[in-house]
Amino acid sequence: MPDSIRLVTPDAQYPDDGLIEREIAGPDTVFDIYRERLPDRLPDDVLAKADGIVVWHEMVIDDAFVSRIPKCRVIVRAGVGYDHIDLAATGAAGIPVCNTPDYGTSEVADHAMALMLVLRRALVVYHEELTRDPIGQFVTGFDATHTPLVRRIRGRIFGIVGLGRIGIAAALRAKAFGMEVIAYDPYASPGLEIATGVRRIANLGDLLAVSDVVSLHCPLTPETQGMIGAEEIGLMKPDSLLINTARGGIVDVPAVIAAIEAGRLGGAGIDVLPVEPPRADDAIVETYRNLAGSPIAGRLLLTPHSAWSSPESAADARRLSFETALLYLRDGSLRNLVNEAFLVDPR
Ligand code: NAI
């Protein structure tokens with residue numbers, strides 16, 4: 001019987017005791033499953049014994065965390081975005097970091113479309129008014145002045161920032177709605193626009209200026225941090241929509257709210273915030289709390305970093321992340337390595 005493999009999950013996003021994980025791993029694997037956001041709440045002795053870490057999106061893996069996992073040979077992100085993992089610190093310590101990019105692509109693309117459709121078809125406005133009076137509007141007809149974002153979707157321009165897996169999935173969906181799809185992505189392979197039938201735009205400003213809907217699908221990096229601020233929003237059409245299912249730090253949220261309030265932006269659908277959970281005094285919290293009946297009701301839609309979520313995608317993330325960790329720990333094979341540029345002398 002080989003030695004046990006010890007895997008620690010600091011911030012598990014499932015309620016059970018690792019049912020899927022235990023089935024995949026078999027009897028030689030020991031699990032320590034926590035549901036914490038703060039590293040101080042994890043016991044030192046458990047981290048010290050970990051052969052691998054499978055992390056979701058809530059636990060920050062920084063230098064200090066790395067110093068507490070001397071035996072760890074691999075960190076796997078159960079998900080796509082890894083901006084909360086210090087790639088340089090893990091790489092310098094000889095720990096490969098892998099992600100599981102293929103678990104929720106369709107969910108996030110669906111969610112981006114849902115945010116656009118709910119705003120453009122005014123579903124929340126109708127729903128809220130009908131919960132107050134389910135009969136009146138059927139008698140008198142609805143009041144179109146309450147639904148200023150409603151437009152014909154067909155023929156409008158859907159602008160994608162980041163033509164990767166999710167961006168392409170969103171492009172296919174937007175096309176099915178009869179939209180013209182354009183994309184800005186300085187790193188996408190030349191020819192991807194031909195394969196996907198998307199018009200490629202060489203700079204962000206040009207995409208922002210012509211799009212009726214801008215949907216963000218790039219990662220959070222030093223380059224994309226704060227990429228959409230007041231100046232960029234100023235380039236957008238005044239009745240256009242901004243959809244962010246990528247990462248909160250890409251967008252200046254108070255600038256978005258100010259632009260909607262000033263009539264310089266039609267509306268926004270936001271799944272991700274710069275700080276999660278948001279602080280009580282964040283502009284989005286204050287605005288959302290007072291949204292019903294406010295002048296921008298129906299123009300702002302917030303969801304709680306749930307774009308990825310479905311029972312199927314959660315099961316895939318769990319399965320794929322543990323398979324990835326065990327593949328390396330048992331066979332030395334690395335799948336979806338993301339810190340290659342920093343990795344020295346893998347443990
Ligand atoms: P991907 O790696 O397949 O695609 C990202 C694309 O962004 C790449 O084509 C890349 O070239 C491009 N890109 C990089 N820097 C850029 C820049 N400065 N400007 C424009 N484009 C740039 O990743 P995938 O799977 O499509 O995921 C995209 C992002 O979606 C993830 O990084 C993650 O942050 C976010 N996400 C959000 C979820 C949610 O629940 N809200 C769930 C899953 C992912």
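The largest cavity holds about 30 Å³ of space, where a cavity is a set of points on a 1 Å grid over the protein atoms alone at which a 1.4 Å probe fits but cannot get out. The model is predicted: local features need pLDDT of at least 70, side-chain atom pairs count only at pLDDT 80 or more, and totals for chains, interfaces and linings use all residues. Residues are numbered from 1 along each chain as its sequence is written, and side-chain values use heavy atoms, with hydrogens and water left out.

**Cavity**
- The count comes to one cavity of 30 Å³ or more; grid points are joined across faces, edges and corners, and a volume is the space filled by probe spheres set on the points.

- The largest pocket has a volume of about 1,300 Å³, a pocket being an open set with protein on both sides within 12 Å along at least five of seven lines.
- It is lined by 47 residues, of which Val-80, His-217, Cys-218, Pro-219 and Leu-220 are the closest to its centre.
- The lining of the largest pocket comprises 27 nonpolar, 13 polar and seven charged residues.
- Because domain 1 (5-103 + 310-331) and domain 2 (105-302) both give residues to this lining, the largest pocket lies between them; the bounds come from an automatic or database domain assignment.
- The second largest pocket has a volume of about 660 Å³.
- Arg-37, His-57, Leu-273, Val-275 and Glu-276 are the closest to its centre among 25 lining residues.

**Secondary structure**
- Helix α14 (residues 311-331) has 21 residues and reaches 29 Å from its first C-alpha to its last, close to the 30 Å expected, which is 1.5 Å times one less than the number of residues.
- Helices (H or I, at least four residues) and strands (E, at least two) are DSSP runs, numbered from the N terminus.
- Buried residues (under 20% relative accessible area, 1.4 Å probe, protein chains only) in α14 include Ala-317, Phe-322 and Tyr-328.
- Gly-332, with a positive phi near 75°, follows α14.
- Strand β2 (residues 29-33) is largely enclosed by the rest of the structure, because four of its five residues are buried.
- Strand β1 (residues 5-9) and β2 pair in the parallel sense over five bridges, pairing requiring at least two DSSP bridges.

Notes. 1 Å grid on protein atoms, 1.4 Å probe; cavity = no way out; pocket = protein on both sides within 12 Å on 5 of 7 lines; lining within 4 Å. Nonpolar A, V, L, I, M, F, W, Y, C, P; charged D, E, K, R; others polar. Buried < 20%, exposed > 50% of the residue type's maximum accessible area, 1.4 Å probe, protein only.
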